[in-house]
Amino acid sequence: MTGEILYTLFIWPIRFILEFLFVLFNRIFDAPGPAIIFLSVVVNTLTLPIYILADRWQKEERELQKRMKKKLEDIRAVFKGDERQMIINTYYRQMGYSPVFVVKASIGLLLQIPFFIAAYQFLSRTQILSGASFLFLDNLSRNDALISLPFGSLNILPLVMTLVNLVSSLIYAKDLGRREIIQLFAMALIFLVLLYNSPSGLVLYWTVNNLYSLFKNTARYLKRPVLVLQGTASLFALLFFMFIWTGRANVERYRLLFSGFALFVIAVPFIWKALVRLLNSIPLSGNPAGNSAGNSAGNSVAASGDMAGLYLSSMLFLFLLLGVLSPAQVLSASLTDFEQPWVFWGRTFLQGAAFLVLIPLFIRALASRELRRLLSFFYVVLSLVCGFCYFVFSKSYGRMDRNFKLDDTERLLHAFPPWVNGALLIGAVAVTAVVVFCKKEKILQGFLGAACAATLVLGLINLVSMERQRRELSELAALGKGSTGPEIQTGAVFSLSRTGINTFIIFFDRAQGTAMMTALEKWPFLAEELDGFTFYPNTLSFGSCTVTGVPAMLGGYDYTPLAINERKKELLTDKVNKAISLLPRLFGRAGYRVTITDPVIVNMQSVPDISIFRGMKNVSAKNLSGTLVSRFRDEFPAEDEEAVDSFDFDILFRYGIFRAAPPALRYGIHYKGQWWREAAYNSYGRAVAEFSSLYYLPDLCGIDEGPGTLNIFMNAVPHESGAYNSRFFPQRDPVQFSGEEIAEYGSEENAEYMYTLMAAMKQFIKWIGFLQREGIYDNTRIIVVSDHGGGYHSPSIDFGEMESHNPLLLVKEAGSRGRLAVSPELMTHADTPALAAKTLPESGGAEKPGGTEEIAATETEAAAGREEAAALAKSGEAAKKRSLWAVNETSSQPLRHGPYEFNLDWIRELKGREVLERESWESWEKY
């Protein structure tokens with residue numbers, strides 16, 4: 001625990017910066033080698049002022065030691081014991097010397113330690129370097145092994161790195177003593193030992209570091225070293241600018257931004273001098289009365305300080321915003337997406353403290369007074385911009401999945417007009433400048449203090465809500481560990497009859513119909529394996545998420561979002577519960593054995609809740625998701641995720657930056673759901689929780705001679721995309737897609753989704769084979785349906801964000817055989833109850849010897865069930881003759897709806913009969 005805290009505070013921020021810069025340059029140059037070189041140059045340039053300051057301190061400490069040397073030798077020769085130490089301490093005070101000077105002088109060396117750890121950890125593990133070559137290096141993820149020897153191979157690059165390091169040390173140590181020279185040479189040898197067998201990409205990074213150091217040490221002996229360094233930085237910036245505008249850089253929509261940054265680097269010296277002169281000319285409120293104008297430039301800083309109050313209040317506000325409030329809001333709004341909410345919040349809190357408190361305080365401690373004033377001005381502007389963007393420019397950008405990927409990234413580009421960004425920045429600068437010039441810093445400081453208090457209160461409110469939800473969900477989870485209803489065959493969850501009629505509904509969360517069309521084109525064997533099935537691509541889901549999709553899917557047309565909202569006097573929770581329990585109640589009353597697993601949004605909860613099925617006749621309910629993970633991992637071992645490396649544990653901080661950034665930058669920050677990491681976290685843990693249930697589905701089925709059955713198996717394999725490889729099997733490491741795969745499927749997101757869908761279909765087909773071998777395939781009706789689509793962008797439905805309204809629907813009637821049929825008939829997922837209830841007019845149970853039935857149903861109940869089943873079919877036929885409406889809800893979280901209605905945002909009417917055709921739809925209307 002202590003180690004993780006220290007890592008997060010002191011190593012993680014540096015790794016965060018290294019990873020961001022490396023991913024940025026790798027995308028610009030589309031080659032890891034140049035990315036490593038630019039990474040090294042930029043990092044060394046950013047830290048150069050610190051090293052220069054450390055060199056100055058070291059020189060001052062060395063000169064002071066020389067002046068004191070003769071006197072200290074005399075003291076040590078004459079005095080002994082405590083008396084000698086007392087006199088030495090007195091002499092130190094007289095000379096203004098403190099042992100702390102040794103630490104200050106060593107800051108350059110100490111700073112290398114966290115940078116080395118962060119670089120070593122990142123560059124030695126990143127998958128981007130795997131197989132990548134650069135110049136004479138064949139594979140940047142391995143040691144170079146350039147020279148083959150009889151007893152092995154010789155790595156040349158570490159030797160080159162060490163040679164450069166030694167030359168640089170010789171130049172640097174020109175004025176140093178023997179002890180310091182020995183220390184420098186020892187450090188060079190230590191780095192050689194540590195990095196000799198390291199990946200050549202990491203050694204390349206450190207070699208460039210040493211070359212930069214060599215150049216820096218050489219420049220010290222020139223007449224104008226600062227000018228030389230500025231010229232070199234400007235040269236690199238100019239080359240970068242030319243690289244961008246020749247069309248070779250892969251900068252997509254940010255060409256102007258990167259070009260502006262390159263020009264800014266060239267202009268930094270001039271901008272710096274102008275800002276220092278401007279700020280030093282401002283008579284701050286702390287100036288003594290009567291200070292003359294001619295004296296102000298020299299004395300204003302010394303007299304008034306450096307706007308420390310503004311700096312600290314701005315720093316605190318940003319920390320509370322991104323380290324406290326933002327993660328608390330995300331967690332309280334979507335608690336079920338995070339297995340350890342307090343760990344997530346605590347990690348984000350520490351990350352905010354590291355980035356927004358420790359680093360700014362460290363920079364401020366090293367800065368001159370002039371620089372402190374510039375930093376204070378910058379931090380005030382930054383806090384105003386971030387606060388305004390977070391609270392005012394918080395427009396919804398559509399659905400974001402559990403991996404923090406937006407379904408439609410194009411909405412990021414058009415949410416706000418471009419002028420808003422410039423106006424916001426100009427306004428923040430103008431407000432800060434006016435306040436400073438008018439000597440009203442206390443007003444702005446008071447405003448920032450109030451903003452801090454309000455942000456803290458909001459954060460605490462959300463944390464209290466999060467903890468309340470966590471306790472409620474823990475209680476639900478404890479109740480759901482068992483089963484409701486009658487016990488079934490040992491080791492099995494679902495009962496299947498050899499003699500009665502079986503109805504098996506498999507609910508695949510977020511399975512998309514048009515994606516299945518693509519799968520049938522790419523894998524024709526599916527049409528043969530789906531024996532007896534009919535595929536309905538022309539299918540509509542009324543809602544675009546689970547909350548609004550499931551009620552209609554399991555309850556029929558009386559439970560579409562608009563139909564539910566029309567019944568305004570009935571609680572939303574009651575309406576949803578009636579929809580989900582409709583089929584189990586009907587089949588149970590008719591004498592069928594019913595099993596339902598992982599019933600979602602029951603009681604409008606985000607976790608499966610089986611409580612409403614307690615006491616329901618012939619109905620058994622069980623929470624199955626995640627219960628087979630241990631068995632799966634025993635059979636297919638995979639390395640556990642390391643907390644410090646997990647994408648999950650820094651996503652909340654990255655998302656907070658996204659919320660607080662100007663709208664123009666949000667597309668780049670999100671960047672296709674990658675969030676500027678080498679590869680997005682692939683949700684392996686959540687994927688296995690769902691996949692294991694589907695993988696072991698044959699083992700979960702018990703076959704007997706009993707009455708007919710209804711089984712509703714709810715599974716979210718298609719919802720957890722990103723963890724599946726080309727073998728359609730979950731893997732621990734982030735999946736890397738080749739250029740051919742991306743071209744074949746249209747995008748990396750499409751490839752992720754197709755592999756995930758095929759992983760589900762492959763296991764489903766395996767289960768079909770199990771039913772056929774057991775001889776119960778012909779007396780089993782199978783319905784594969786989803787609550788909504790989404791995640792796959794298909795040319796078959798490329799208009800109006802309608803992918804989420806096209807669910808998968810596959811139906812096999814009992815006794816049906818033959819190659820998969822594709823029907824153009826208009827269907828909706830609300831047809832599922834009527835399709836399932838076709839057997840209700842028949843007898844639910846098979847007659848036993850002696851004329852007894854295992855589960856009896858009264859004639860009255862059976863008749864009522866038959867009438868209700870017939871009504872389901874009629875309501876569906878009538879509904880299709882009227883208007884069908886698709887809706888977009890304001891939130892996918894159950895707690896954001898109610899108490900009587902769904903909170904809907906937009907609605908759209910299907911005026912034609914073809915779901916996949918643009919002409920069939922009216923325009924979106926505000927609900």
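## Strand E12 and its neighbours

Strand E12 and strand E13 (residues 809–812) run antiparallel and are joined by 4 bridges; two strands count as paired if DSSP finds at least two bridges between them. Helices (H or I, at least four residues) and strands (E, at least two) are DSSP runs, numbered from the N terminus. Across this pairing, Ile 783 stands opposite Val 811 in E13. E12 is also joined to strand E5 (residues 502–508), this time by 6 bridges and running parallel. There, Phe 504 has Ile 782 in E12 as its bridge partner.

How much of E12 is buried? For E12 (residues 780–785) it's 6 of the 6 residues, so the strand is largely enclosed by the rest of the structure. Buried means under 20% relative accessible area, exposed means over 50%, and partly exposed is in between (1.4 Å probe, protein chains only). Thr 780, Ile 782 and Val 784 point one way, Arg 781, Ile 783 and Val 785 the other, and all are buried. In a regular strand the side chains alternate between the two faces of the sheet.

## What you're looking at

This is a predicted model, where local features need pLDDT of at least 70, side-chain atom pairs count only at pLDDT 80 or more, and totals for chains, interfaces and linings use all residues. Residues are numbered from 1 along each chain as its sequence is written, and side-chain values use heavy atoms, with hydrogens and water left out.

## Helix H1

H1 (residues 2–29) has 28 residues, which at 1.5 Å a residue should span 40 Å; the end C-alpha atoms are 39 Å apart, which agrees. The expected span is 1.5 Å times one less than the number of residues. There's a kink of about 50° at Ile 11, shortly before the proline Pro 13; the bend is the angle between axes fitted to the seven residues ending at a residue and the seven starting there. Of the 28 residues, 20 are buried, so H1 is largely enclosed by the rest of the structure. Asp 30 follows H1 and has a positive phi, near 55°.

## Salt bridges

The structure holds 20 salt bridges, each a side-chain nitrogen of Lys or Arg within 4 Å of a carboxyl oxygen of Asp or Glu. One of them joins Glu 4 and Arg 347 (2.9 Å, N to O). That pair links distant parts of the chain, with Glu 4 in helix H1 and Arg 347 in helix H13 (residues 341–366), 343 residues apart. Glu 4 is partly exposed at 32% relative accessible area, while Arg 347 is buried at 8%.

Arg 593 and Asp 704 make another salt bridge (2.7 Å, N to O). Arg 593 is in strand E8 (residues 593–597) and Asp 704 in strand E10 (residues 701–704), so the pair ties together parts 111 residues apart in sequence. Arg 593 is buried, with a relative accessible area of 10%, and Asp 704 is partly exposed at 21%.

## The sheet E16-E17-E18

Strands E16, E17 and E18 make an open sheet of 3 strands in that order, with antiparallel pairing. E16 (884–889) and E18 (925–926) stand at the edges with a single partner strand each, so one side of each is left without a neighbour in the sheet. E17 (residues 904–910) pairs with E18 over 2 bridges, and Ile 907 has Glu 925 in E18 as its bridge partner.
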